[in-house]
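User: I would like to understand how two chains meet in a model. Could you take me through it?

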Amino acid sequence: MNNTIISHTIQFIALVLLQVAVLNHINFLGDINPYLYVIFICLFPINNNRIAFIFLSFLLGLSIDLFSDSGGVHAAASVTIAFIRPVILKFCFGSIYEHQTIKFKQVDFGAKVIYFIIIIFIHHLILFSLEIFNLSNILLVLKKTLFSGIFTLLLCVITTVIFSRKK
Amino acid sequence: MQQIINFFLRNKTFLLYLFLLFLSLVFTIQSHSYHKSRFINSANFLTGGIYNSANNIQSFFNLKSQNELLQEENNYLKSLLYNSSGKPQEGFIDSTRFSSNYKFTPARIIKNSYASTNNVLLLNKGKNDSISQDFGVITSKGILGIVDETSNKYATVISVLNTNIKISAQLKNTNHFGSLEWDTKNPNRVQLHEISKIAPLKKGDTIVTSGRSIIFPKGIPIGTIETFNLDSAENFYTIEVNLFNDMTNIEHVYIIENTDRKEINNLLNNE
């Protein structure tokens, strides 16, 4: 129990530092950045303590906001995907989730990618709509969501592949 | 009463979600209005410290280009100094220097940002160097932004590449003035609105600050005219301005303090 808490704390801090020190400054093709910290919310172990999970997601988003001077946009997007995660889990994994026996290391790769896609695109859509905050720029919101989403998805998949091989 | 408590217990996840969402929306809306991002900004010891140490490493890699920029500026200042008609005399104290209105402080950018729609930069000078809100920030080439929040050692700057900022600017040759905004499309191009129809415009003309606010002195270069169009009502020009600064590569900046700020503000508030 203690071991998982420590490892999650390290993950949390490492993801925040990686995001703000490296990934926020990639600016691929001008303004495309990946938001890898979403993977923390995706792969957080499923248990019954949803309150702690939602609060942790909020804290994660808020720390990114603190560094990137963006108000509360990351916090709002993170807390929303944390709240609706059970629905997406049920949609993607079906019966395994129902029996509460799901382990992210064991699930089918295809189902996992679809799960990532849904979470990442919902997160990015909320993020960019709040950041741009202007209905007349809706095309810009969709464009940024699509390109950043693909970039984030790529990084998320690569990260999971790398870290699952080690063990 | 029992029912109410039961309701809260049953829906505690949802209520927590609503509360946290509300909180983050409040922060978001605050960040969209000028000078209100009081709680969530990167000018505190934690984020400032981390950015500072990250920047100490990063700045190593563009030392060469930054040195060239500084040498270019030195070259320009030297040419001004030695070509001026009245030679600088030793032992002569220019008494007009004492009443200069603007105080300059050098600073370094430790977090640059140009890809978002509301870009905020971070400087390594703060309250300890008597920097406070609404000071102007420029580079050797031109205008950069306005100081927003300050902590003891760090200050955030609202860049010209921010949709919440408007800066008063004018043509260099005539006194027609307008307000400078950014349409979020290109980090090297800003828009100058409300230049009157009768102003003589030419492609390549220089745009400078107008000195009509107490933030910037008059005549700080901003950029050159790329294109200009009449707006829909055909009364004002909207001008596309190419910035002199390369906003993606800036490090050494100067903070401008208007020493008469208090007096001017008092006068304006008394009215």
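User: How many residues of chain A and chain B are in contact?
Analyst: In this predicted model, 33 residues of chain A are in contact with 34 residues of chain B, where contact means heavy atoms within 4.5 Å.

User: And what area is buried between them?
Analyst: About 2,800 Å² is buried between chain A and chain B, and carbon and sulfur atoms give 71% of that. Buried area is the accessible area (1.4 Å probe) that two parts lose on being put together, summed over both. A:Leu66, A:Phe67 and A:Asp69 supply 24% of the area that chain A buries against chain B, more than any other three residues.

User: Which residue forms a salt bridge with A:Asp69?
Analyst: The partner is B:Lys111, with the closest N and O atoms 2.9 Å apart. A salt bridge is a side-chain nitrogen of Lys or Arg within 4 Å of a carboxyl oxygen of Asp or Glu. The count between chain A and chain B is 1 salt bridge.

Key
Residues are numbered from 1 along each chain as its sequence is written. Chains are lettered from A and ligands numbered from 1 in the order in which they are written. This is a predicted model: local features need pLDDT of at least 70, side-chain atom pairs count only at pLDDT 80 or more; totals for chains, interfaces and linings use all residues. Side-chain values use heavy atoms; hydrogens and water are left out.
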